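Visitor: I have a protein chain on the screen and some questions about it. Could you walk me through it?
Guide: Gladly. Have a look first.

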Amino acid sequence: MIELTHEDEFAVLTLRRPAALNALSFELIGEIGKYIDVAGASRARALIITGEGEKAFCAGADIKELQNRSLAAQRQGAELGQAVFAKLDRLSIPSIALVNGYAFGGGCELALACTLRLALPNAKFGLPEVKLGLIPGYGGTQRLPRLVGVGRALEMVMTGRTVAAEEALAMGLVNRLVQAPGLEAAKAYAREFTGHGLRALQFAREAIQRALDVPLHEGLRVEADLSTLAYRTRDAEEGMQAFMEKRKAEFRDE
Ligand code: CAA
């Protein structure tokens, strides 16, 4: 149902349930969590998440499993999905969703939880839960407005409409459109930042994540703290020294 491979300096997590458009059964969600941890403990410099086949990144929660559940089980399921996707926030390496085809419901929420998003021309985004009488439950109502603004998030969630790749780019839902072969494009994209020290990238990600959670004065304090921590790293010493010596820095993630 899922495969984690290592290609060059990347970990690649592929959802493999194409007969159900890579829908998120609870078992699959559990496996995603397990493999995110494995990727984080590996030597990879970025995690790329994608779906098998040309049709879907992931069509969302497995609707067959959602029927006839107790409220307690439903709440546990939402908390599980949220917790697994939140692992990506804390992961020591950046993550990139490579969206090939449908990214609906929980699939869109998985992409939203990644650090960055790339879309192939056939990518289609949507939070269609209202059409099922539901609302997004794996972080969509919280991450989407942070990324694209409240107005656009309300419109997407209230209409449940599909947003194609070009529009997703225009609204900031994805960072870039890429052409096939998507994995090669994703690797080239990731190499724009994976040559930098991982610790600086992690501090930067944390500072920006916090920016959306706290008032400005607290966010500025967080930035002062994290930029001071970055300054204390060996990579910072090396980066500034390399600048002075007019050479390329050799970062060691220390
Ligand atoms: N759950 C379970 N099975 C799914 C599924 C899902 N979310 N999405 C697709 N499938 C299954 C279909 O049942 C079908 O299986 P069978 O061949 O056994 O009937 C197979 O995948 C292929 O799907 P379709 O025949 O429907 O393919 P299509 O090309 O006609 O349509 C689609 C594609 C528009 C994505 C359509 O499948 C669809 O609308 N899927 C549901 C999308 C959705 O509503 N997602 C939100 C789920 S709720 C959620 O995610 C809550 C949350 O916040 C966590």
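Visitor: What area is buried between domain 1 and domain 2, and what percentage do carbon and sulfur atoms give?
Guide: Keep in mind that this is a predicted model. The size of an interface is often given as the accessible area lost when the parts come together. Here about 810 Å² is buried between domain 1 and domain 2, and the share from carbon and sulfur atoms is 48%.

Visitor: Which side chains meet in a salt bridge at 3.2 Å, with Asp213 as one partner?
Guide: Between domain 1 and domain 2 the count is one salt bridge. There are also six residue pairs in polar contact between these domains. For the salt bridge at 3.2 Å, N to O, the side chains are those of Asp213 and Arg146.

Visitor: Is Arg45 buried or exposed?
Guide: Arg45 sits in the loop between α1 (26-41) and β3 (46-51). Its relative accessible area is 18%. The cut-off for buried is under 20%. Therefore Arg45 counts as buried.

Visitor: Which side chain makes a polar contact with the side chain of Arg45?
Guide: Beyond its neighbours within four places in sequence, Arg45 is in contact with several residues, including Glu9, Ile93, Pro94 and His196. The Arg45 side chain also reaches the backbone oxygen of Thr194, at 2.8 Å. The side-chain partner, also at 2.8 Å, is Asp253.

Visitor: How far apart in sequence are the parts that Asp8 and Arg191 tie together?
Guide: Asp8 and Arg191 form a salt bridge, with the closest N and O atoms 3.2 Å apart. Asp8 is in the loop between β1 (2-7) and β2 (10-15), and Arg191 is in the loop between α8 (182-190) and α9 (198-211). So the pair ties together parts separated in sequence by 183 residues.

Visitor: Which residues are linked with Asp8 and Arg191 in a network of salt bridges?
Guide: Asp8 is exposed at 58% relative accessible area, and Arg191 is partly exposed at 40%. Both belong to a network of salt bridges.

Visitor: Which helix holds both Arg221 and Asp225?
Guide: Arg221 and Asp225 form a salt bridge, their closest N and O atoms being 3.5 Å apart. Arg221 is partly exposed at 47%, and Asp225 is partly exposed at 42%. The two are four residues apart, about one turn of the helix, in α10 (residues 216-231).

Visitor: Which residue's side chain meets that of Glu245 in a salt bridge?
Guide: Glu245 is partly exposed, at 42% relative accessibility. The N to O distance in its salt bridge is 2.7 Å. The partner is Arg247.

Visitor: What is the phi of Lys246?
Guide: Lys246 lies in the segment after α11 (234-244). It counts as exposed, at 77% relative accessibility. Its phi is positive although it is a residue other than glycine, with a value near 55°.

Visitor: Is Asn22 buried or exposed?
Guide: Asn22 is not a glycine, yet it has a positive phi of about 60°. It lies in the loop between β2 and α1. Its relative accessible area is 0%, so Asn22 is buried.

Visitor: What is the omega of the peptide bond from Ala180 to Pro181?
Guide: Most residues other than glycine have a negative phi, and most peptide bonds are trans. Pro181 is in the loop between β10 (176-177) and α8. The bond from Ala180 to Pro181 is cis, with omega near -5°.

How values were computed
Residues numbered from 1 in each chain as written. Predicted model: local features only at pLDDT ≥ 70, side-chain atom pairs only at ≥ 80, totals over all residues. Heavy atoms only, no water. Buried area = accessible area lost by both parts, 1.4 Å probe. Salt bridge = Lys/Arg side-chain N within 4 Å of Asp/Glu carboxyl O. Polar contact = N/O pair within 3.5 Å; in protein donor to acceptor, adjacent residues only side chain to side chain. Buried < 20%, exposed > 50% of the residue type's maximum accessible area, 1.4 Å probe, protein only. Contact = heavy atoms within 4.5 Å.
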